[in-house]
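Thanks for coming. Please have the structure open.

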Amino acid sequence: MSEPKELSPSFEPTEQNSQSDLPEGWLHVQSMDLDAQGVARKPDGKVVFIDGALPFELVTANTHRKKNNWEQASLVAIHRESSQRVRPDCPHFGLHAGACGGCKMQHLHVGAQVAVKQRVLEDNLWHLGKVKAETMLRPIEGPAWGYRYRARLAVRHVIKKGQVLVGFHERKSRYIADMQTCKILPPHVDAMLMPLRALIANLDARDTCPQIELACGDTVTALVLRHLDPLSAGDIAQLRAFAAEHNVQWWLQPKGPDTVKLLDEGGEHLSYALPDFGITMPFKPTDFTQVNPHINRVLVSRALRLLDVQPHERVIDWFCGLGNFTLPLATQAREVLGIEGSEALVARSRENYALNQAQAPDHKALAATDFVARNLFEMTPEMLVADGAADKWLVDPPREGAFALAKALADIEQARIGAEGAGPLPAGAEGWTPPKRIVYVSCNPATLARDAGLLVHLAGYRCTAAGMINMFPHTAHVESMAVFERV
C-alpha cells in the first residue's frame with residue numbers, strides 16, 4: 001500500500017462532493033458493508049466494493065471482478081486516509097498473500113467498528129423489515145483482544161514446508177495461515193500456538209489430525225483433537241505431557257461430535273458462571289456456548305433487565321440451548337419453559353437446572369422449569385397454542401432466525417382480527433394470549449429484520465428498542481438485541 005497523499009487543502013470530501021470532482025480513477029468511499037469492504041460509486045453510479053478501504057477515504061483500487069451493477073476491487077493506494085484507520089496489532093492481518101482470514105476490521109478503530117455495526121443493524125431493520133426502533137440502546141462492548149474463548153483451529157502437516165500449521169484459514173482460501181500468534185485468543189492460548197505446532201509435528205498421527213477445537217471455561221481450557229486414525233501409545237503419552245505442561249484438558253474425537261471423550265477422566269469440569277444470577281453452567285467442549293464470556297455476562301443481564309420478568313409471570317425461552325438465559329430467568333419468574341431443537345442440549349439443560357437447583361439457597365430456589373425438544377423451524381400456530389400462554393418471551397435463534405415462530409404468532413393475530421386471507425384460529429386459541437413483551441437476541445441482523453417486520457406489521461407489536469452487541473471485535477459479525485411490546 002502506498003503512503004497516503006494529501007489533497008490540496010481546498011478539497012473536503014463530503015457527501016456533496018460528486019465523484020466527478022475527483023482525479024480520474026480515484027474513489028470516495030462512503031460506507032462499509034457487512035464483509036468489511038469499503039463501498040464507493042463510480043461516476044456512472046456503479047457500486048464498487050473495495051477490500052481494505054474505510055469510509056470517507058479517497059482511494060484508488062484494482063478491480064478484479066465485474067458485474068452489471070457492481071464491481072469488486074482491492075485497495076491499491078490511499079490518497080486521503082480515514083481518521084479512524086489504525087495500525088493492526090496482529091502481524092498476520094492484511095490484504096497480502098497468506099494473510100489470516102480470521103479478522104476483517106483490525107485496520108479500523110474499535111469504536112468506529114461499533115458505530116459501523118450499529119448502522120448495519122439500523123439499516124437492516126429499516127430496509128428489510130421497514131421497522132425503526134423507538135430507542136437505540138447503547139452498544140454492549142467488552143475487551144477488544146483475548147476475548148475468543150471458543151475457536152476451531154485447522155491443522156495441517158505441510159510436507160513441502162516441513163512444518164505443521166495450526167490456526168485459521170487464509171483470506172478467501174482453503175489454505176491455513178502460517179500463524180505464530182493470535183491476539184483475539186486468550187493470552188495463554190495464544191502462547192500455546194507454537195508449542196501446539198511442535199506437538200502435532202512430533203505425533204505419529206500428524207497427517208491424520210485435521211482439527212483442534214478450543215473451549216475455555218472460567219478455570220479449564222479444553223482442546224478437542226480430531227483424529228482420523230487411532231492414536232499410538234507414544235502419541236497419547238505426548239498429549240499427556242503437553243496437558244501437564246500447559247494446564248489443558250485433552251478430549252479426543254475419532255469420528256462425529258457424539259464420539260468426543262475425555263482423554264483422562266477426573267479433574268475439573270468445564271463451566272462458566274453468570275454471577276449476577278448465582279448460576280454456574282457446566283458444558284462439554286462441543287456444546288454451543290457464546291464465544292465471548294465477558295460480553296455474554298452483560299448480554300444476559302441486559303436481556304433480563306429489558307424483559308423485566310415479575311415473580312408471578314410465566315416465561316418461554318425459545319432456542320434455549322444449554323439454558324444460558326433459561327436458568328437466570330428461573331431466578332426471577334414463577335415458571336419457565338425452555339424449548340430447543342437438540343435433544344442432547346435439552347438433556348444438558350435439565351442437568352444444569354438440577355445442579356443449580358441443588359446448589360441454590362432455600363430462599364432462592366429456582367422457579368419450576370421444564371425443557372422440551374422441538375424443531376422450531378417447523379413451528380405452527382397450533383404448536384404455539386399447545387405450549388400455553390406466557391407473559392414474556394426470550395428468543396435467541398441461530399443465524400437462520402425465528403421466522404416460523406414469528407409467522408405462527410402473526411398468523412394467530414391475523415386470524416384473531418379477521419384479516420383478509422387469514423386462516424382460522426387454531427383450537428384453543430380463544431383463551432390463549434400472546435406475550436406482552438419479547439426480547440429477541442440475534443446473531444444475524446438480516447433475519448432479525450425479517451422477523452421484526454412480521455412482529456411489527458402483522459403480529460401486533462412495536463419495536464421499542466434495539467442495539468448492537470460487539471461479541472466479535474475486529475470481525476464483521478453483528479450481534480444485536482431488540483425489544484418488542486404488545487400494542
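**Annotated sites and helix packing**

C443 touches P397, P398, R399, H477, V478 and E479, not counting residues up to four places away in sequence; contact here means heavy atoms within 4.5 Å. Before I go on, the ground rules. This is a predicted model, where local features need pLDDT of at least 70, side-chain atom pairs count only at pLDDT 80 or more, and totals for chains, interfaces and linings use all residues. Residues are numbered from 1 along each chain as its sequence is written, and side-chain values use heavy atoms, with hydrogens and water left out.

UniProt, in an unreviewed entry, lists C443 under "active site". UniProt positions are given in the numbering used here, feature names are shortened, and annotations may be inferred rather than shown by experiment. C443 sits in the loop between β19 (437–442) and α10. Helices (H or I, at least four residues) and strands (E, at least two) are DSSP runs, numbered from the N terminus. Is C443 buried or exposed? C443 is buried, because its relative accessible area is 13%; the cut-offs are under 20% for buried, over 50% for exposed and partly exposed in between, with a 1.4 Å probe and protein chains only.

The axes of helix α9 (residues 403–416) and α10 come within 9 Å and cross at roughly 10°. Axes are lines fitted to C-alpha atoms, for helices over the stretch in contact, and angles run from 0 to 180 degrees between N-to-C directions. α9 and α10 are therefore roughly parallel to each other. For the wording, angles under 35 degrees count as roughly parallel, over 145 as roughly antiparallel, 65 to 115 as roughly perpendicular and the rest as oblique. On the α9 side the residues are F403, A406, K407, L409 and A410, and they meet R450, D451, L454 and L455 in α10.

How does α1 pack on α10 (residues 445–457)? The angle is about 50° and the axes are 8 Å apart, so α1 and α10 are oblique to each other. From α1 the contact uses V120, L121, N124, L125, L128 and G129, and from α10 it uses P445, A446, L448, A449, A452, G453 and H457.

One more residue in helix α1 is Q113. Q113 counts as buried because its relative accessibility is 0%. Beyond four places in sequence, Q113 touches M105, L108, P473 and H474.

Now the cysteines. On a 1 Å grid over the protein atoms alone, a cavity is a set of points where a 1.4 Å probe fits but cannot get out, and lining residues have an atom within 4 Å of a point.

C90 is in the loop between β5 (70–80) and α1 (110–129), and C100 is also placed in the loop between β5 and α1. C90 is buried because its relative accessible area is 11%, and C100 is buried because its relative accessibility is 10%. Outside four places in sequence, C100 is in contact with H92, F168, H169, E170, R171, A177 and M179.

The other "binding site" list from the unreviewed UniProt entry holds Q290, F319, N324, E340, N375 and D396. From this set, Q290 and N324 are in the lining of the largest cavity. N324 is in the loop between β15 (314–318) and α6 (326–329), and N324 is buried because its relative accessible area is 10%. Its contacts, leaving out residues up to four places away in sequence, are Y272, L274, M281, N296 and V300.

Last, G321, which lies in the loop between β15 and α6. G321 is buried, with a relative accessible area of 13%. G321 touches L345, S349 and the annotated E340, not counting residues up to four places away in sequence.

Key
On a 1 Å grid over the protein atoms alone, a cavity is a set of points where a 1.4 Å probe fits but cannot get out, and a pocket is an open set with protein on both sides within 12 Å along at least five of seven lines; lining residues have an atom within 4 Å of a point.
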